[in-house]
Amino acid sequence: KIMKIEVCSFSGFKCYPGHGKRAVRADGRAFFFINAKCEHSHFLKRNPREVNWTVLYRRKHRKGDWAESTTKRRTKRIVKAPKAIAGSSLTEIMAKRNQKPEVRKAMREQAVRAAKEAAKVKDQEKKTKKPADSKKAAAQAQKTKAPKQMQTKAPRVGGKR
C-alpha cells in the first residue's frame, strides 16, 4: 500500500497519515491543516505569503533551497527558416529578394504599363460595340412595346358617406 501524504493548505508542510485535520467549507471545498496554528491562521484569513514560517513565504522571498532550485531558464532561440509561399517557390522568392531595387522598379513599371494598355484596348472595344448594339436594342424595344390600356375608375355612387 502507498501512504497518502497530504499537504497543509496554509503552511505547505507535509502531513503524514494520522496527523492533521480536514475542514470542509459550505461550498464543498476541503482544506487540510497540519495543526491548530495553521487552521486558526487560515480562518483568520491571514495570507500565508506574509507569514514568515510558511513554505509560500520562503518561496516568495527565496529563502533556503528555493534560491538554488529556481535558476534562470534559458530562452529558446528562434531560428528563422525560409519557406515557400503559396503560388511561388523558394527559389523564386530568393531570386526576387536578391534583385537590385532598380531592376525590380523597372519590372514593376513595365507590368503597370502593360496593364494600362490592356485596359485601354478593352475600353476601345466597348466603345466600338456600344453604338451598334444600343441602336439594335432600341429598335427591338419599340417593336415589342404595346400601348398600355389604362382602366378608368368607376364613378362613385352615393353622397359623402
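## Salt bridges

The structure holds 3 salt bridges (a side-chain nitrogen of Lys or Arg within 4 Å of a carboxyl oxygen of Asp or Glu). This is a predicted model: local features need pLDDT of at least 70, side-chain atom pairs count only at pLDDT 80 or more, and totals for chains, interfaces and linings use all residues. Residues are numbered from 1 along each chain as its sequence is written, and side-chain values use heavy atoms, leaving out hydrogens and water.

Arg22 and Glu6 pair through their side chains, N to O at 3.0 Å. Arg22 sits in strand 3 (residues 21-24) and Glu6 in strand 1, 16 residues apart. Strands (E, at least two residues) and helices (H or I, at least four) are DSSP runs, numbered from the N terminus. Glu6 is buried at 19% relative accessible area; Arg22 is partly exposed at 47%. Buried means under 20%, exposed over 50%, partly exposed in between (1.4 Å probe, protein chains only).

Lys21 bridges to Glu39, with the closest N and O atoms 3.4 Å apart. Lys21 lies in strand 3 and Glu39 in helix 1 (residues 36-43), so the pair ties together parts 18 residues apart in sequence. Lys21 is partly exposed at 48%. Glu39 is buried at 17%.

## Asp27 and Arg25

Asp27 pairs with Arg25; their closest N and O atoms are 3.3 Å apart. Asp27 is exposed at 57% relative accessibility. Arg25 is partly exposed at 42%.

## Nonpolar patch

Met3, Ile5 and Tyr16 form a nonpolar surface patch. Patches take residues with over 30% relative accessible area and no salt bridge, joining like charges within 9 Å and nonpolar side chains (Val, Leu, Ile, Met, Phe, Trp, Tyr) within 5 Å. Together the three residues have about 300 Å² of accessible area (Shrake-Rupley method, 1.4 Å probe; for residues, only the protein chains shown count as cover). Met3 precedes strand 1 (6-7) and is exposed at 51%.
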